[in-house]
Amino acid sequence: MEPLNLNTSAMTRRDTFRLSAGLGLSFLLPAIDLKAAEKRGIERQKSVIVVWLAGGPSQLETWDPHPGTKIGGPTQSLSTKIPGIEIASLFPQTAEQIHHLNIIRSLTSKEGDHERGTYMLKTGYRPDPTTFHPSLGAIITQQAPNSNLEIPQHVSFGDGQWPARGGYLGDQYDAFRIYDPGDGVHNMTMRVDEPRQKRRLGNLEVISRAFEPNRRPAANQSLHRKTLDDALTMMSSEQLEAFKTDDEPESLKKSYGDSRLGRGCLVARRLVESGVRAIEVSMTGFDTHANNYEGMQTQAEILDPGLSTLIRDLKERDLLDSTVVMCLGEFGRTPNINPLDGRDHWPTGFSCLLGGGGLKSGVVIGETDPSGDQKDPKGPVPVENLFATILHQLGIDYEKELITPIGRPMALAQGELIQQLL
Amino acid sequence: MKKLRIILSPLIVVLLISIMIGMTIRPGADPAPLPSSIPDDDDFGSIVDTVNEELLLRRESAGLDELQRASDLTVLRRLSLSLHGTIPSLEEIRQFERVQQTASESKPDLITRWTERLLTDSRFSDYFAERLARSLVGTDGGQFVVYRRDRFVDWLAEQLESHRPWHDITRDVIADKGLWTGKPAVNFITAGIAGDDLDHEELTGKTVRAFLGQRIDCAQCHDHPFDDWKQSDFEGLAAFYGQVNLTLVGIEDKSSLEYEVEDHLSLETRQVAPAVPFGLEWLPEQGSRREQLAGWITHADNRRFSRAITNRIWALMLGAPYYSNISVDDIPDPPEKTDLLDLLADDFREHNYDLRRLVRVITATDLSRASSQSSAETDQEYAIHKEYWGVFPMTRLRPEQLIGSMLQSSSIKTIDQNSHLLFRTMRFFREQDFVRDYGDLGPDELDRRAGTITQALLRMNGNLTKELIEANPFNSTGRVANFSDNDRECIDNSYLVCLTRHPTADEMAFFENQLAELKDQQRTQAVVDLYWSLFNSLEFSWNH
């Protein structure tokens, strides 16, 4: 545990930074590793952006339409830049960019409940009462942290109910949440001048000295001191600018769309540029048990510009080769249309987009039955394989076992590599 | 809404100040007297002893030391946080300390009597109604046309206030008929309405979680992977809600309706008859299907029912469910041999499902009075201490507890029903944002979590902190800074107001030294800074 160090002579790099910044001496500081941040293409340290569609998006109204069939509903399809491949006509802009990624149309999972499905699709493991698995972002930031960062390494945008967590790696790997992205991070300005702030922090040391003895493990696990310290570092960090979009061209902001999802995708790109390793952009409203078609139309009007601009923007900035992009939800939806014109939960044969980060592009994996009679898709891809593949692509040994707090060895990911994408 | 809030924010502060003036000049109404006895205290001691013995056996099985006892003020703080969602006021602490000097040998002991006082205060009913509502209807707004969460919570508070037994409350919640406004219990049903239809699966999952303490939601698609729940069990239970009918006069039961499900594999529709997965003999023969379900759930032999609420109240009082590694609504099946949950649950049932009795018993145990300090030095050791209850576990204050504590710290006097206007107005504008920014876990609020950077930022730099601690003639910072007799008393008061304890000798020396040279505004600023530091300490934002 790193103490606040205000009363000791042993100053850490962070303290130096904080103090120097406060005293207006920031020119004395070594520049943050600009070279690393400026690197482009495959050379760059890799990041992951997960565009999370909470509620379980319908594969039939997104990347796997079956127009003109009993199960297809009124949804039409349109051609993409992948020869012979069509997606739902609700996504005209994504159709122009989708060839930079890959489509998997045959994901399979065993979890049809929102909470359990979310757990499965965020961690790669089924819920287990004896272990709490870490999310993909937590694994990445724990295994391959970016030591130059003063802002959180793992960030989640939007108001999804179950954001990515640190699991057995610890709550310090939980995603840093921002509900409404685009206008920076709130509560970043201290309310008093430097000497008073110093006095306040000094007082805090005295108060904790009285409380923490014989409570050390609990105090450590509370992360109270660490979060306070991280917050102080963030408050004086120039990297905070990454959370703002003021200096982005209006046309680009418009292209992403003025929605939580759109702004989240734009800020996600900015965070990738700053070296943040794992970002989740959440959008809710995909649980279309009733009026599925209308619901998906509304969702697509927000998702299509946001997602397509993200892919294009990353590509244009030569960041796509170092950024894995994955777009999915906790499961898909039934081929059958229910009496409310809705679709129910369907953890078998659903779709996702995955690409970037040096993976192949323009590949389409798997097939579902247009008649809806066959439940199982052709070329099934168990959800677990997504995790193995992404970690592998980031240079992390996905088979490596960590020891969980109850002493049980646990591989970072189960599943196998999706060879078609490598 | 945002503009309205901006316009009204300063007004709230003015309102806050004027109400505090009102409070300070209100003739010194005596605080509620401390009860000299507690209800049915004849067999109270024996159940507490039995539970203590069971806890002792559990500790010994893991080779843990004796529990260290917490100070009375620490216990007082915990009780206020669990039962009222806030810390005690300086006024209450002073009263407690006065009685403590004269009543050290009394029976029942002072803490038990103080608990009784907290339980008779209407703040308990209001606060617990919200806690229980979270397990029953969650925190979502639902469909306003047919669902009124506010009415449901008010109704629950009325039931608690009138000492209604838990099994009666449960029966109303599951089986009542009528409009969501006039018969607020039916909001439990209407919370599950999506579109124009009742979501039977969601309602069934919620019923089993809330009243039987188990999760069978995943059995709606396939058999439960770990427990004995089958998909057919889930559907059979859901069928008890199959005759629920939404009409112009509210929720009714229509006997011609049947519950139908669509098979996830064959996609064919089939009718499902109501069926219970166990305890067929508990199912009443008479009544509507919902009344039958309610009768089955609340049957005296259905151990899961009493175990579930016992575990929830345990978690609310002690910060974690009894089986602390498992979520509060995922209790293992009742074991063959009676466990501690059964001991408490049996006592609860024998005392007519009285929630206050359950709270009294739990809070009278050695564990509830134990210190959060322990000999554990590593994470593994601490994990064992927590699992075997060898320590009072530390838990992060929930957002409503934190905002309640911050508001209370800004006042010397108790913020209670007499100041509800302040509390509610303040909360109306503040709580939503604060709770959201701080991170509300909704129905999962009993999950254990560490602190977050966002929370640290909110406490350090947030508007609420600034407004509450900036000294003025009416708030506690201003009064403590300017009306304490000397620096020592000023420091002592600050600690009592914020942390419900006296400073240690080292702390006193440090802050006396800090205040010694300062005068007027500079001294007040130092007191404000002390408050800020107390607000931002681990000790303030965690229950210990």
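Me: How many helices and strands does chain B have?
Reply: This is a predicted model, in which local features need pLDDT of at least 70 and side-chain atom pairs count only at pLDDT 80 or more, while totals for chains, interfaces and linings use all residues. Residues are numbered from 1 along each chain as its sequence is written, and chains are lettered from A and ligands numbered from 1 in the order in which they are written. Helices (H or I, at least four residues) and strands (E, at least two) are DSSP runs, numbered from the N terminus. On that basis, chain B has 25 helices and eight strands.

Me: What percentage of the residues in chain B is buried?
Reply: A residue is buried if 20 or more other C-beta atoms lie within 10 Å of its own, exposed if 12 or fewer, and partly exposed in between, with the C-beta atoms placed from the backbone. Chain B has 544 residues, and the buried share of them is 48%.

Me: Which element of chain A gives the largest share of the side that touches chain B?
Reply: Two residues are in contact if their C-beta atoms, placed from the backbone, lie within 7 Å, and by this rule 48 residues of chain A are in contact with 53 residues of chain B. Strand E6 (176-178), helix H6 (194-211), helix H7 (216-222) and helix H8 (224-235) of chain A each supply at least two residues of that side of chain A. The largest share, 10 residues, comes from H6(A).

Me: How many nonpolar, polar and charged residues are on the side of chain A that touches chain B?
Reply: Ala, Val, Leu, Ile, Met, Phe, Trp, Tyr, Cys and Pro count as nonpolar, Asp, Glu, Lys and Arg as charged, and the others, Gly among them, as polar. Sorted in this way, the side of chain A that touches chain B has 21 nonpolar, 13 polar and 14 charged residues.

Me: Against which helix of chain A do the buried residues of H16(B) pack?
Reply: In helix H16 (residues 379-387) of chain B, the buried residues are Tyr382(B), His385(B) and Lys386(B). They cover an arc of only 95 degrees around the axis, which puts them on the same side of H16(B); the arc is that of the directions from the helix axis to the C-beta atoms. An α-helix has 3.6 residues a turn, so residues three or four places apart point the same way. The buried residues of H16(B) pack against H7 of chain A.

Me: Is Tyr353(B) buried or exposed?
Reply: Tyr353(B) sits in the loop between helix H14 (340-350) and helix H15 (355-364) of chain B, and although Tyr353(B) is not a glycine, its phi is positive, about 50 degrees. With 22 C-beta neighbours inside 10 Å, Tyr353(B) counts as buried.

Me: How many other C-beta atoms lie within 10 Å of Asp318(A)?
Reply: Asp318(A) is found in the loop between helix H11 (292-316) and strand E8 (323-328) of chain A, and it has a positive phi of about 55 degrees although it is not a glycine. Asp318(A) is partly exposed, and the number of other C-beta atoms within 10 Å is 13.

Me: How far apart are the C-alpha centres of domain 1 and domain 2 of chain A?
Reply: Domain bounds come from an automatic or database domain assignment, which divides chain A into domain 1 (31-183 + 244-421) and domain 2 (191-239). The distance between the C-alpha centres of these two domains of chain A is 36 Å.
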